[in-house]
Amino acid sequence: MQRELTSALGGDTTRRFFLGQCGLGLGAIALQSLLAQDGLAAPIPFDPSEPMAERPPHYAPRAKRVIYLFMAGGPSQLELFDDKPKLREFHGQKPPQGLMAGKRFAFLKGNETLLGSTRKFDRHGQCGMTLSELLPHHRRIVDEVCWLQGMKTDVFNHAPAKLFMNTGFQAPGRPSMGSWVTYGLGSPSRDLPGFVVLQSGPRGPRGGSSLWSNGFLPSSFQGVPLRGKGDPILHLNSPPGVDREDERRFYDAVNSLNRARLAENGDPEILTRINAYEMAYRMQSSAPELMDLASESKETLNEYGVTPGKPSFGANCLLARRLIERGVRFVQLYHTNWDSHGGPGENLNADFEKVVMEVDQPSAALVLDLKRRGLLDDTLVVWGGEFGRTPMGEVRNTVGRDHHIDAFTMWLAGGGVKPGLIHGRTDELGFGAESGAVHVHDLHATILHLLGFDHQRLTIRFQGRDYRLTDVHGVRVNEILS
């Protein structure tokens with residue numbers, strides 16, 4: 001029986017892997033058979049020896065690749081995208097009790113008052129999207145992107161909320177979106193990982209590497225962080241005195257030992273190790289060429305606001321374009337320091353202005369550059385954080401806003417979404433969505449649809465049940481599809 005199920009999984013497996021991946025018992029096996037017949041649990045044709053081999057999705061995709069610009073910390077939609085004149089009118093007053101009923105906040109104590117934004121807003125583009133004075137470069141792409149004004153999530157603390165936005169679950173251990181996408185599609189790139197992570201800002205995002213973890217998917221599908229300064233990956237280069245031929249002989253010897261061990265116990269993770277060595281060898285040539293921006297024109301560097309040799313979000317946006325040009329399937333950029341409670345380094349004035357300035361120009365430049373190169377049509381760009389900020393002020397050293405899960409803004413561009421569409425509307429004080437609410441699970445279902453997947457069918461069996469990115473939720477947002 002184990003041999004038969006091993007064959008169905010597409011490769012050799014150990015007892016540990018077998019027990020983890022398979023539902024045990026005749027009832028579970030029968031259920032799997034029936035689900036497969038109905039097309040609800042069709043396995044991904046995954047070959048552990050070629051984990052990034054390209055695989056067809058369920059149907060013709062609109063997007064072939066994803067660039068996810070993650071604003072870690074929760075940007076304030078009320079200072080950037082969602083103008084609320086009524087909030088300014090009632091500034092300093094207590095919020096209506098009816099709007100506070102049932103709401104959950106991370107730090108508010110119940111005595112806070114409404115906080116009207118001091119930023120100036122104007123309508124831009126044919127779509128009439130409101131943007132604040134802090135986003136002059138976003139005005140250039142206002143009709144190129146789809147605006148989601150009624151985003152909702154379930155989790156109001158940073159690390160769990162980042163996990164929820166990335167994996168569909170608030171605790172570590174689930175696969176990230178980039179892992180699901182590369183598991184489903186593979187990657188055209190042979191010399192670079194299929195899922196790459198780039199980071200900028202004063203520190204790493206809360207949640208760390210669990211945000212780009214492969215979870216219980218094979219570890220070939222975990223995100224690979226590339227550093228913006230120095231060696232792209234630590235210890236990637238050969239040590240002094242070791243040339244490429246020596247390196248090749250070393251890898252061949254190690255791989256020979258690994259294959260002998262694989263033949264002995266059949267652990268598919270050994271294949272992952274073999275593939276990692278081979279990728280490391282190929283990246284010794286591909287990674288330095290990728291990171292060298294000298295081949296980019298002065299006009300392009302200026303467009304992104306990049307100073308050669310200086311790490312920045314702009315440099316990472318430019319690297320993201322270069323990565324997808326080289327076949328990488330999923331690129332995720334994390335830019336930190338969006339938390340705006342009002343404490344040291346977190347005020348809504350100078351600190352907030354600084355982080356907005358760091359991302360405004362490069363974000364717009366990326367969209368326009370992809371369009372100019374003919375890449376935007378089949379590249380999905382996602383911009384947003386883990387949640388938004390409250391209509392009430394939070395008084396610490398200076399005035400700020402607390403975490404808000406019921407109404408915030410994200411945007412999508414390219415890859416089959418309607419450009420220049422404003423989807424959703426929040427109430428006059430910004431407490432919740434009056435129309436067009438999009439939950440995180442709905443966003444995930446829609447992204448997978450654009451990549452050619454029915455989110456209910458992109459599953460993997462682990463510890464006796466089928467898991468998916470959208471958990472047991474998610475509705476495709478058809479209104480935003482072009």
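Predicted model: local features only at pLDDT ≥ 70, side-chain atom pairs only at ≥ 80, totals over all residues.
At its start, the backbone nitrogen of G314 has a side-chain oxygen of S312 within 3.4 Å. Just after helix 12, a positive phi of about 95 degrees is found at G327.

The largest nonpolar core has 53 residues, of which L69 and W411 touch the most other members. Helix 13, spanning residues 350-372, gives the most to this core, contributing 10 residues. Another core, of 52 residues, lies apart from it and has F195, V197, F408 and V477 among its members. When neighbours within four places in sequence are left aside, W411 is in contact with F81, H138, I141, V145, C146, W147, S363, V367, V381, V382 and W383.

For the protein as a whole, the secondary structure comes to 14 helices and 17 strands. Of its 482 residues, 55% count as buried. Among contacts with a separation of 6 or more, 78% are accounted for by residues 24 or more positions apart. The accessible surface comes to about 20200 Å², and carbon and sulfur atoms hold 52% of this area.

Methods:
Residues numbered from 1 in each chain as written. Heavy atoms only, no water. Polar contact = N/O pair within 3.5 Å; in protein donor to acceptor, adjacent residues only side chain to side chain. Helix = DSSP H or I, 4+ residues; strand = E, 2+ residues; numbered from the N terminus. Core = buried A, V, L, I, M, F, W, Y, C linked by side-chain atoms within 4.5 Å. Buried < 20%, exposed > 50% of the residue type's maximum accessible area, 1.4 Å probe, protein only. Contact = heavy atoms within 4.5 Å. Areas by Shrake-Rupley, 256 points an atom, 1.4 Å probe, with all protein chains shown as cover.
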